[in-house]
Amino acid sequence: MTANASIPSSSSNASARPVLVYGAAGHTGRFVVQALHEQGHAVLLAGRDLGRLRAAFPDAPADQLRVQRLDGDAAALVRLLAESSLVVNCAGPFADSAPQLLQAALQAGVHYVDVSAEQPTAREVFEQWGERFAAAGLCAAPAVAFYGAVGDLLATSATGDWPGADAIDIHIALDSWHPTAGTRKTGVRNAGRHIVYRNGQFQMPPAVPPRKNWAFAAPFGEQDVVGFSSADAVTIAHHIRVPDVPAWMNETPLTELRAPGTPAPVAVDASGRSAQRFLVEVVVRRGSEERHASASGQDIYAITGPLAAQAVGRILAADGALTGALSAGQLGDARSFLQALAPGYLQLVFAG
Ligand SMILES: NC(=O)c1ccc[n+]([C@@H]2O[C@H](COP(=O)([O-])OP(=O)(O)OC[C@H]3O[C@@H](n4cnc5c(N)ncnc54)[C@H](OP(=O)(O)O)[C@@H]3O)[C@@H](O)[C@H]2O)c1
């Protein structure tokens, strides 16, 4: 992939030690590497297979490539991470990669960011790793990706000065969903582990998911949407005082995701993005008041790159002031986080 000239890069956040991307050769890992380079970071490209790293980054010097299994030599993994200032975990399913990389990051004394969409993994980071990272003066930020970050950043921005809300509804429209191999494996790995956030607690989703009609902005317009278990429910409930965080999605992409014959995404531009369009509309309600915020863009895998890179820049620039387990919405001001990606990656609308 090459950088898309139409997408602006922001000022350099380069730190003394490089950022290490584990799972760099994956579909999403490559977008993360590209976005980190655009932000001026030196990057180490890591994974478990040298051939796949070389194939994904044919022009990368050999001294930027690192091969290390997660189920192998734990001390070697710690030494690898210690070469960096921060590890971005792009190796999903994260149920299998996050525990090893979180442990190694703690031992190596480096920050941790992942792009997981997995609700149980994000909860584990918040509930089981946060205190240890805080005690070490380190930050662990899970689900900094399309699912987990966009809804959280919009909800945090819209909630603004309110101390909490009665409900935060996340409405997601995709015009298609051509899943990667990693998405398919993650779906299988997390079967039966999905949750929703209702009445102030995480629960199993209802046997029959709720449905409603939702009038999205153009070009999606009016759509039937179905209750959906999104990582945003976990990231939002982690830091905003709200009892209900229902998430909804239009049906076409879910049908495509479930169909075994749906092809993988195909690049349609120089940055590697597919033609997929997304729109996320968030409604924050308090009493009779409502605030709305939305973000639209192209390709849910590609947008994950700049989201993760923005998080990396903020954590490193904070120089130890951002510690513990934090969602994207907690990494400084949420609205400026989103605005840093607009209009090249995200088109934003705030109302109310
Ligand atoms: N939250 C979101 O919105 C969002 C957005 C994008 C992606 N994701 C998630 O990110 C993950 C990756 O997606 P993708 O599209 O990049 O998939 P992908 O193209 O299949 O890439 C997955 C990468 O992870 C590596 N990997 C997986 N398990 C590993 C393990 N146990 N040890 C070492 N390496 C491992 C793979 O290495 P090998 O090639 O050696 O197998 C590969 O490099 C998925 O879980 C997906 O759900 C989430």
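Author: Domain bounds here come from an automatic or database domain assignment. Keep that in mind, because this is a predicted model.

Reader: Into which domains is the chain divided?

Author: There are two entries to note: domain 1 (19-145 + 302-345) and domain 2 (146-298). Their centres, taken over C-alpha atoms, are separated by 22 Å. Domain 1 brings 31 residues to the contact, and domain 2 brings 30 residues.

Reader: Which elements each supply at least two residues of the side of domain 1 that touches domain 2?

Author: Look at α1 (27-38), α5, α10 (304-318) and α11 (334-339). The largest share is that of α5, with five residues. By class, this side of domain 1 has 18 nonpolar, nine polar and four charged residues.

Reader: Where does the ligand's shell lie relative to the domains?

Author: Check which domains give residues to the shell. Domain 1 and domain 2 both do, so the shell lies between them.

Reader: Which residues come nearest to the ligand?

Author: Of the 35 residues around the ligand, the nearest are Gly 26, Gly 92, Ala 117, Ala 145 and Gly 182. Two or more residues of the shell come from each of α1, α4, α6 and α7 (181-189). Helix α7 gives the largest share, four residues. The shell divides into 16 nonpolar, 15 polar and four charged residues.

Reader: Now the helix pairs. At what angle do α4 and α5 pack?

Author: Helix α4 (residues 94-108) meets helix α5 (residues 119-135) at about 10°, and their axes are 11 Å apart. Angles under 35 degrees count as roughly parallel. That is why α4 and α5 are called roughly parallel to each other.

Reader: Which residues make that contact?

Author: From α4, take Phe 94, Ala 95, Ala 98, Leu 102 and Leu 106. From α5, take Pro 120, Thr 121, Val 125, Trp 129, Arg 132 and Phe 133. By class, the contact has nine nonpolar residues, one polar and one charged.

Reader: How far apart are the axes of α6 and α8?

Author: The axes of α6 (residues 146-159) and α8 (residues 231-239) are 7 Å apart, at an angle of about 45°. The two helices are therefore oblique to each other. The crossing of α6 past α8 is right-handed. On the α6 side, the contact uses Tyr 147, Gly 148, Gly 151, Asp 152 and Ala 155. On the α8 side, Ala 231, Asp 232, Thr 235 and Ile 236 take part.

Reader: How many residues of each class are in this contact?

Author: Count four nonpolar, three polar and two charged residues where α6 meets α8.

Key:
Residues numbered from 1 in each chain as written. Predicted model: local features only at pLDDT ≥ 70, side-chain atom pairs only at ≥ 80, totals over all residues. Axes fitted to C-alpha atoms, helices over the stretch in contact; angles between N-to-C directions. Parallel < 35°, antiparallel > 145°, perpendicular 65-115°, else oblique. Left-handed = near helix turned anticlockwise from the far one by under 90°. Contact = placed C-beta atoms within 7 Å. Nonpolar A, V, L, I, M, F, W, Y, C, P; charged D, E, K, R; others polar. Near = placed C-beta within 6 Å.
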